[in-house]
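Opening my notebook on this one. I'll jot down what I looked up, entry by entry.

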Amino acid sequence: MERKQKPLEGITVVELAMFVAAPSAARMLADWGATVIKIESPKGDPMRFMGKLVSMPIDDERENPAYDQQNSGKKGIVLNLKSEKGREVMHRLLEKADVFITNNRQDALKRMGLSYEQLSGRYPSLVYGQVSGYGETGPDKDKPGYDFTAYYARGGISGTLYEKGTSPLLTVAGFGDTQVGLCLASGVCAALVKAKQTGQGEKVSVSLYQTAVFCMEHLIASAQYGNNPYPRSRMDLANPLQNAYETKDGRWLQGAVNDFDNRIREVLHLIGRDDLAENEEFCHFERISTHSRDLIVELDKTFREKNIDEWLEIFTAADLPFDKEAVWEEILTDPQAWAENILCHVGGYPEREDMGTDRILVRTPVKFREAGLCEYRKGPKIGEHTEEVLKELGYSRNEIDCMEAEQAVKAYAGPDI
């Protein structure tokens, strides 16, 4: 069978980043065919230890799925960028690189000689991708940024999207980071087109804060008209058919019927509430605004009469957009997720009675028809490819040994016995 070429084959990416946002962008570039060389400090990317926060193993030798998800398909090397030799290796990598990706802050990059301004003259065609918390200018440009703070909190998500009378929503770690990763990967690809056409590199910058604001654009634009009460309540929605309703079995059913006037009577008929359809105030979007709560109260009563699967069968047959609010465990067995290759089995993990040696991990969301699916590989062990990459850069065995002795580089030493 003829091998399918990936879109970014021949592109080399050097990643100096940690945690989720920037590494997830580099992972997507690796999925799309780029050679990604991940540089870690001798201590390693802190992401290697973050799995425990979401109840996953963090055994770097045997099972570390949280790290694997962000770093699949990369080559991993360890450089001590405080050392002269470590910085020398870094620049040899950049000489051959098309893309540099980082989420280090500006001051740290300047101290290492790795800011855009310091590199652009030396490597004029280099595409420089950087993630920050709040952006490159303004009073908060140097503030540390994580998705809990810069994305969810400052970006207007946690403070507005929760039920009146309750606390702000419990946010999902890494969610905002992956949105940033998608934006950075797309911006890098656009800059690569320019660089290949003109020989001129570019700086691509994406912040957690701006990404959140962009994702909330409709609500933020509406705020200038002064009609948004906070916190909001599901009892006061303008369109009751875009609401969530609890079912008999304690699950929540989410509606997304935008064409209210044309479909409200159909929905009321399907749920056995033709009596409500007789009330003209309930059946016209221009009138429902002052009667929305009354209709939601009635719908709440009715939706509690059947289990969620019964309601889904009814609405699916009628081609109406309703779906269950799934929990994570359900996605692991969702036939749509498997049919669409959203999930994949990755082998080589320790044997477990309930799992075998495979684990289910999540693919990146962009698909290419001609290039096909990427092969999912576990993330590199710390320093796993140090010797391989150094040899490719022209270093001799003796030079590598000397650099290791000076602690300028670190190679993977194999599992601890």
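Predicted model: local features only at pLDDT ≥ 70, side-chain atom pairs only at ≥ 80, totals over all residues.

**Cysteines**

I started with Cys 183, which comes out partly exposed at 30% relative accessibility. My cut-offs for burial: buried is under 20% relative accessible area, exposed is over 50%, and partly exposed is in between, with a 1.4 Å probe and protein chains only. Residues are numbered from 1 along each chain as its sequence is written, and side-chain values use heavy atoms, with hydrogens and water left out.

Then I ran the disulfide search (a disulfide being a pair of cysteine sulfur atoms within 2.5 Å). It returned zero for the whole structure. Cys 183 is in no disulfide, and its nearest cysteine sulfur belongs to Cys 215, 6.6 Å away. I also checked Cys 344: its closest cysteine sulfur is in Cys 374 at 7.3 Å, too far for a bond. Cys 344 is buried, at 4% relative accessible area.

**Domains**

Domain 1 is 10–216 + 367–408, and domain 2 is 238–326. I get 44 Å between the two domain centres, taken over C-alpha atoms.

**Sheet**

Two strands pair if DSSP finds at least two bridges between them.

I traced an open sheet of seven strands with mixed pairing, in the order β6-β5-β4-β1-β2-β3-β12. The edges are β6 (202–207) and β12 (409–410); each has a single partner strand, so one side of each is left without a neighbour in the sheet. What is the sense of the pairing between β5 and β6? I found it parallel, over six bridges, with β5 covering residues 127–132. One bridge I looked up there joins Gly 129 to Val 204 in β6.

**Salt bridges**

My criterion is a side-chain nitrogen of Lys or Arg within 4 Å of a carboxyl oxygen of Asp or Glu. That gives 31 salt bridges in the structure.

I looked at Lys 38 and Glu 15, whose closest N and O atoms are 2.5 Å apart. Lys 38 sits in β2 (residues 35–40) and Glu 15 in β1 (residues 12–16), so the pair ties together parts that are 23 residues apart in sequence. Both Lys 38 and Glu 15 are buried. They also belong to a salt-bridge network that links Glu 15, Lys 38, Asp 45 and Lys 74.

Two other pairs went into the notebook. Asp 142 and Lys 141 meet at 3.1 Å, N to O; Asp 142 is partly exposed at 40%, and Lys 141 is partly exposed at 38%. Arg 287 and Glu 281 meet at 3.8 Å, N to O. Arg 287 is partly exposed at 37%, as is Glu 281 at 30%.

**Helix α1**

Is α1 buried or exposed? Eleven of its eleven residues (21–31) are buried, so α1 is largely enclosed by the rest of the structure. Among the buried ones I noted Arg 27 and Asp 31. After α1 comes Gly 33, with a positive phi near 115°.

**Positive phi outside glycine**

I found Asp 319 with a positive phi near 55°. It is in the loop between α14 (308–317) and β9 (322–324), and is exposed at 64%. Asn 341 also has a positive phi, near 55°. Asn 341 is in the loop between α16 (335–339) and β10 (343–346), and is partly exposed at 31%.

**Surface patch**

Phe 175 lies in α7 (residues 175–198) and is partly exposed at 41%.

Notes:
Helix = DSSP H or I, 4+ residues; strand = E, 2+ residues; numbered from the N terminus. Domains from an automatic or database assignment.
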